[in-house]
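Dear colleague,

I am handing over the structure below, together with an account of what turned up when I went through it. Please read the notes with the model open beside them.

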Amino acid sequence: MATAFADQLRALSDEALGALIQLRPDLVVPVPADVSALAVRAQSRGSVARCLDALDEFTLAVLDAARLSRSEQTALTSLSAIIELTAGIDPEEVRTGLGRLRARFLLYGPDDALHVVGTVDEVTSPYPAGLGRPADYLDAQAAALCADKAKLRRTVMAAPAGARAILDRLAAGPPVGALAAGGKVAEPVQWLIDNHMLVPVSEVGRAPRADGELVELPREIGLLLRRDEGPLGELRPHPPAPPGVQRDPKPVDSAGAGQVMEAVRNTEMLLDALAVEPAIGLKTGGLGVRDLKRLSRAVNLDEPSTALLIEVAHASGLLGETDVSGTGRGVTTSRAGGAADEIFLPTGAYDLWRALSIAQRWEALANSWLAMTRQPSLIGQRDDRDRPVNVLAPDAERAGAPQARREVLAVLTDLPPGTAPKTDDVLGLLSWQAPRRARGREQAHRDALSGAATLGVTGLGALTSYGKLLQTGTEPDDQDPLGTGPDGGRVPGASEAVRALDALLPAPVDHVLVQADLSVVVPGPPEPELAAELEAVAELESAGGASVHRVTAASVRRALDVGYAAADLHALFQRRSRTPIPQALTYLIDDAARKHGGLRTGSAGSYLRSDDEALVAEVLVDKRLQSLVLRRLAPTVLVSPLQLSRLLGVLRDCGYAPVAEDAVGAAVLSRPKVRRAPTRTPVSARLGDQGGPPLLAGPRLAGVVEQIRRGDLATRAARRAPVTVRAANGQSVPGLTSVQAHTQAMAVLQQAVRDKARVWIGYVDSHGATLSRLVRPVSLSAGYLRAEDERTETSHTFALHRVTAAVLEE
């Protein structure tokens, strides 16, 4: 059978063999040595199972028809037999389904003698189309009942209501049911067994046993009960059309773009919150429930959406873990049972990410979401040990998550633009497209739809135009497979998805509108430089397409602390504001600047001094500052045993505006040190854009086919080599067990050079493998043989000490 299968593959044209490789790319990972190795791999359980997983419901039904219609004597089927079983379906549809099976070599042979690859029965249900095994295999009395068609119909019609319900259930498939525990059999089931309509069996697919714990419905009875809907049950040659709401694509894109801005903004707020107060890593991995709740409140999001954004940020390399000792500061976080070993902080890549445009930031998040092997919908559920699954915990790892997301987006892509199907309709379509793969992955598909909506890949339930481009912007150029073209085989600049999204998003603004109540309105997404300035001088009140900030005494003091002077702040607002600067803002800045630095701190532990004696006296008697343990050294100097950073923090929290100074009395103004975790590589860059076997096409595919053909020719040539050469190469040849004498081989080669005759040579290659080749020797000199292989039109050089045999061609 294996030889016949290999011969079928060998007879294919290069185009047909390339088409097979495209349909089943796992066959060439790695590239097989020859066609025989390809045939063995194509019949392996793993490869056949992967191929079946990608087939649609109707094609699998055609395969079931082929399995059911096989002859018991020859194990062959035919096109006519398959069409007979699919009565009621257009024969052309059946031929199309059969063509898909033959193109993948799950079926092969002529129409009147079709072979089903043997491994198909091993990786599929033992009950094709949900029908049981023939009655003559299960039980002689059941076979006698099924042989008498009239008696069988009368028995079915005489079945009690409960027994008939059981028959209908088993006829719909699968045809096996379990008996009640404890040996008690329900009356309807016992009636069916007594009338030989159900046969006790021991295990699914095993031989029948009278004391079996299962019962099986014979195939003939199942076919009788299916007389109205057909032997294979309901057949759907075409995928179901989801009756989704049809929307205008423009509002869909607009809604999606709005959600993109929300997702990017919320991700940034989450990472900023983690920079201020890092989350503690659990001993079992991930973030605790309390940290998730805290972050959820910080960004005003529900916990599932917060968990998704944290997972995506981590997959994008924007969030990472670091040791508490590696933060460079005295972190006092702790967990139950001891001190925290790790904390979660933004990485160095976060600062670079913030400098990108909104569309580029979104693309980084969306690509990582597509590629990450995490399923955020599992967070909050219970694992096998009844423990909650936490954010970033190993329990939420699912290898099939990227494939599930791509399947969902592929379904949405195939629908007309603006179509917003219901979730159940999408799941139904996925179940038709690949029923074997979709079974048990419903939660992953729901998670994909939810994540797409949260990240703005979909809008109003429909796929956006830029979301569609997100999946198609990373394919290699088959016309330039080596990347040697002027653009290296890739489109220069931003991706198509980023350009499409940029056209939908409002343009970044470099100005603000300062109001009389000290609110600052940003009429659009701020440029990175403006965003950094606003972060330093104002408090965020509301975010969105147009954000609102407010200048307060605390925000002005914060700006002065990081190095701004009063003149700098006046110039900043004059430069950025398109409205007149309110007098109240000018007074607020001047007031804060006048008080700023009125107190000076140093190390004693630390000291506090001021030229204003009344201010020093006020600080000394302030009850809120008792924890500083202040002591007067002079009318203008106080000291504290606490460190300088602690002294500054407490004074600022109580509304004072101290400034640190150095040893010579100069003010020390600096931004607070930003803590960052080590930079991580994004998931999309580690795993690639596609995942799974590469999709071969063009020159790459032609090269693979040629390599297999050459290997096949070399293998077949080696089998035709003379017995002397095969024996020298270590093959089992009766009567030839020793290596040919080296001098005899040299004599044959010298004669072949003189006569320009072809000769079989056996040699050992650099890897220690023994090979045979038919060549025409050209010269013998300096310890090397130079020869031509006329079959491949190539020249070869062989070291003479590696030659094991030489025999003239007969």
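Which residues does E216 touch, not counting residues up to four places away in sequence? In this predicted model, E216 touches Y127, G132, R133, L138, P175, V176, M197, L198, V199 and V201. E216 itself sits in strand β5, which covers residues 214-216, and with a relative accessibility of 0% it counts as buried, because anything under 20% falls in that class. One of the residues it touches, Y127, is also joined to E216 by a polar contact between the two side chains, at 3.2 Å.

Before going further into single places, here is the chain as a whole. It has 810 residues, of which 46% are buried, and it contains 35 helices and 29 strands.

The next item is a pair of helices. Helix α26 (residues 528-537) packs against helix α27 (residues 553-561) with their axes 7 Å apart and at an angle of about 115°, which makes α26 roughly perpendicular to α27. On the α26 side the residues that meet the other helix are E535, A536 and V537, while on the α27 side they are S555, V556, R558 and A559. Sorted by class, this contact between α26 and α27 has four nonpolar residues, one polar residue and two charged residues.

Helix α27 also holds A554, which is partly exposed, with a relative accessible area of 38%. A554 and R652 are 98 residues apart in sequence, yet from C-alpha to C-alpha they are 9.0 Å apart in space.

S465 lies in helix α24, which spans residues 465-470, and at a relative accessible area of 35% S465 is partly exposed.

L309, found in helix α17 (residues 303-315), is buried, since its relative accessibility is 3% and the cut-off for buried is under 20%. Leaving aside residues up to four places away in sequence, L309 touches A263, N266, T267, L270, L301 and L455. For L455, which is 146 residues away from L309 along the chain, the separation between the C-alpha atoms is 8.5 Å.

T770 is found in strand β26, which runs over residues 770-781, and it is partly exposed, with a relative accessible area of 37%. The C-alpha atoms of T770 and R802 are separated by 9.5 Å, and these two residues are 32 residues apart along the chain.

The peptide bond from V29 to P30 is cis, with omega near -5°, and P30 lies in the loop between α2 (14-23) and α3 (35-42).

F105 is a residue other than glycine with a positive phi, near 60°. Its place is in the loop between α7 (91-103) and β1 (107-108), and F105 is buried there, with a relative accessible area of 7%.

H196, again a residue other than glycine, has a positive phi near 65°. H196 belongs to the loop between α13 (187-194) and β4 (199-201), and at a relative accessible area of 25% H196 is partly exposed, whereas F105 is buried.

Notes
Residues numbered from 1 in each chain as written. Predicted model: local features only at pLDDT ≥ 70, side-chain atom pairs only at ≥ 80, totals over all residues. Heavy atoms only, no water. Helix = DSSP H or I, 4+ residues; strand = E, 2+ residues; numbered from the N terminus. Buried < 20%, exposed > 50% of the residue type's maximum accessible area, 1.4 Å probe, protein only. Polar contact = N/O pair within 3.5 Å; in protein donor to acceptor, adjacent residues only side chain to side chain. Contact = heavy atoms within 4.5 Å. Axes fitted to C-alpha atoms, helices over the stretch in contact; angles between N-to-C directions. Parallel < 35°, antiparallel > 145°, perpendicular 65-115°, else oblique. Nonpolar A, V, L, I, M, F, W, Y, C, P; charged D, E, K, R; others polar.
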